[in-house]
Each structure stands twice: as C-alpha cells, then as structure tokens.
Amino acid sequence: MLTNRLPIELLVDRGLPTHSEMVAEVRHKLLAWSPAVFAGFNSIGVDEEMLRNALFQTLFHPYLTSGTGCGRADAYGLVQTACALSPGCLAVPLKVDGRRDFSLASLLDANGLSSEDAHYAMSEVLGTVALCRRVKDRSPDAWQRFVRLSNRAAVAELVDEEQGFLLTEFYGGEAYHLAVVCIGMSPDNRQGRFCIDLDHDPDGWDRMSDDEVRAEISRKGTPLRRLRVNGAPTLTPLEEADDLMPGIDVETAREGLAATAPPVRSAQG
C-alpha cells in the first residue's frame with residue numbers, strides 16, 4: 001500500500017470491480033491487441049507469472065501472451081543485452097558496491113527518461129517504452145534479437161536445430177557468454193532445455209550412472225545450463241557471434257562442438 005500509494009478506502013470500495021471482473025477486463029484488452037509481442041520490465045519472472053495465475057484462478061486459459069501468433073519478451077534483458085552489444089547506448093549508473101544498477105528507476109533517471117510518480121504503473125510503462133525506443137535507435141542488433149526471440153517457436157528452432165550457439169546470462173549487471181549445445185529436453189517441462197557448456201570436456205558423461213548425472217547437474221559450477229524456450233533467453237548463433245560479439249573465442253567453441261557428441265539423457269529428479 002505504501003509503495004503504490006493506495007489508501008485503505010480503495011481496497012474496501014465495493015463499487016470497484018471484483019478480482020474476477022478485473023481479470024476479465026484485462027484479458028479482453030490483451031485479446032483485442034493480439035497478436036502482439038507482450039513485454040514489460042523484469043516481467044517474465046514476475047508480472048507474467050501473476051497474470052497467468054490470475055487467468056487460471058478465474059477459469060481462463062492462462063497462456064494468453066504466448067499463444068498463437070503472440071510472443072513475450074523482457075525489457076530488463078533487452079537493456080542488458082544492448083549494453084553488452086553496444087556499450088554506451090545507455091547510461092548505466094553504479095550501485096554503492098560498484099556494480100551496475102539495471103533497476104528501472106535508476107536507468108530512467110540516468111538517461112533523462114524519468115517522470116514524477118515513478119511507482120505508478122502507467123509511469124513505469126511509459127518509462128519502459130521510452131527505454132525500448134532508445135535501444136531500438138542506438139542498438140538495432142539488440143532490438144532485432146529482442147523481437148525475434150520473443151517468439152518461442154523461433155527460440156525452439158534455434159536451440160533444437162543449431163549445432164551450437166551462445167547463451168548470454170546476466171549476473172550482477174554483467175553479461176557472461178557461454179558457447180553451448182542443446183543435449184535434450186526437460187523431462188517435466190516441454191519448454192525446458194538442457195545445454196552443455198562447450199568450455200568443459202564432455203567426455204565421461206556417457207559413463208556416468210544416473211545418480212552421478214544428477215549430482216553433476218546439481219553442483220555449483222555445473223557445465224549443464226537450463227533454459228526455457230518460452231522465457232525469451234538471450235541467444236546468438238555461432239555464425240553471428242563473430243560480428244556481434246568481438247572478443248568471443250568462437251573458433252574454440254566450434255572445435256569443441258566438432259569433438260562433442262553428448263548423450264541425450266533424461267535426468268529425473
């Protein structure tokens with residue numbers, strides 16, 4: 001209530017829509033916009049899950065934003081990708097510990113895009129749109145990838161059919177690029193994929209017992225990476241990496257790929 005500046009009177013006002021009525025109205029608007037790419041800031045892991053739960057709780061099909069013809073993407077990943085591909089396209093402030101601050105409010109302030117009432121939803125929406133437009137103008141490669149990988153079918157095709165690709169992960173505001181190859185699907189989620197980091201020697205996996213495979217998957221620093229094809233991951237085909245990401249040792253990745261024939265296994269549990 002403090003964050004969103006909601007008085008108690010609003011929460012008890014019976015003249016306002018019920019939760020069910022609200023969700024139905026949101027659904028109607030999203031369907032009217034469809035097909036579309038639905039995006040927010042840090043939305044894949046937060047807002048999207050809340051929306052899906054709300055649709056399910058009110059007896060609607062929950063996967064509206066990734067249904068036929070629609071895609072979903074996250075502007076949080078977009079700005080981090082843009083800063084990795086086109087350093088200087090955005091001003092990124094630093095936290096007190098020296099790490100880069102990719103929070104929405106900080107990015108908007110640093111780039112002269114902030115407005116008053118930053119905690120109101122519409123203000124954050126307009127700020128996210130402004131950030132996306134700036135990235136589109138200053139880092140077109142990042143923008144094109146953002147739109148392309150919003151489609152889960154396109155992501156699945158890249159992951160399942162490419163011999164290898166770069167997976168970019170973000171920790172502490174920094175981008176880490178891994179050359180990986182997909183070795184199989186998650187046994188309990190058809191959108192999930194297991195990939196192996198080509199920087200690690202794959203020999204020996206075929207000699208492991210199931211228990212040893214589970215232990216290797218679970219340990220810290222495992223060469224096995226997980227991704228969801230419907231989660232708008234940041235991916236780059238190896239043939240594009242030379243131009244987009246100078247400094248990445250793509251040739252070594254190709255050599256590792258040529259020597260790799262990892263077993264496709266299901267790691268239950």
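**Notebook: pockets, cavities and salt bridges**

I looked up the largest pocket, and about 2,000 Å³ of space lies in it. The model is predicted: local features need pLDDT of at least 70, side-chain atom pairs count only at pLDDT 80 or more, and totals for chains, interfaces and linings use all residues. Residues are numbered from 1 along each chain as its sequence is written, and side-chain values use heavy atoms, with hydrogens and water left out.

I noted the terms. On a 1 Å grid over the protein atoms alone, a pocket is an open set of points with protein on both sides within 12 Å along at least five of seven lines. A cavity is a set of points where a 1.4 Å probe fits but cannot get out. Lining residues have an atom within 4 Å of a point. Points are joined across faces, edges and corners, and a volume is the space filled by probe spheres set on the points.

**Largest pocket**

I found 39 residues in the lining, with Ala39, Gly40, Asp47, Ala121 and Val125 nearest the centre. Which element gives the largest share of this lining? It is α2, with eight residues. Elements that supply at least two residues each include α2 (19-33), β1 (37-40) and α3 (47-57). Helices (H or I, at least four residues) and strands (E, at least two) are DSSP runs, numbered from the N terminus. By class I read 25 nonpolar, nine polar and five charged residues. Here Ala, Val, Leu, Ile, Met, Phe, Trp, Tyr, Cys and Pro count as nonpolar, Asp, Glu, Lys and Arg as charged, and the others, Gly among them, as polar.

**Second largest pocket**

I then read about 660 Å³ for the second largest pocket. Its lining has 28 residues, and Phe170, Gly231, Ala232, Pro233 and Thr234 are the closest to its centre. Among the elements that give two or more residues are β2 (71-74), β3 (165-171) and β6 (224-228). The lining divides into 13 nonpolar, ten polar and five charged residues.

**Cavities**

I searched the whole structure and got two cavities of 30 Å³ or more. The second largest cavity has a volume of about 50 Å³. Its lining includes Ser66, Arg72, Asn151 and Gly231. I count four nonpolar, six polar and two charged residues there.

**Salt bridges**

How many salt bridges are there? The count comes to seven, a salt bridge being a side-chain nitrogen of Lys or Arg within 4 Å of a carboxyl oxygen of Asp or Glu.

I took Arg72 and Glu48, whose closest N and O atoms are 3.4 Å apart. Arg72 lies in strand β2 and Glu48 in helix α3, so the pair ties together parts 24 residues apart in sequence. Are these two buried or exposed? Arg72 is buried, at 2% relative accessible area, and Glu48 is buried at 6%. Buried means under 20% relative accessible area, exposed over 50%, and partly exposed in between (1.4 Å probe, protein chains only).

I also checked Arg225 and Glu169, where the closest N and O atoms are 2.8 Å apart. Arg225 sits in β6 and Glu169 in β3, 56 residues apart. Both Arg225 and Glu169 are buried.

My last pair was Glu216 and Arg219, which meet at 3.0 Å, N to O. Glu216 counts as buried at 18% relative accessibility, whereas Arg219 is partly exposed at 35%.
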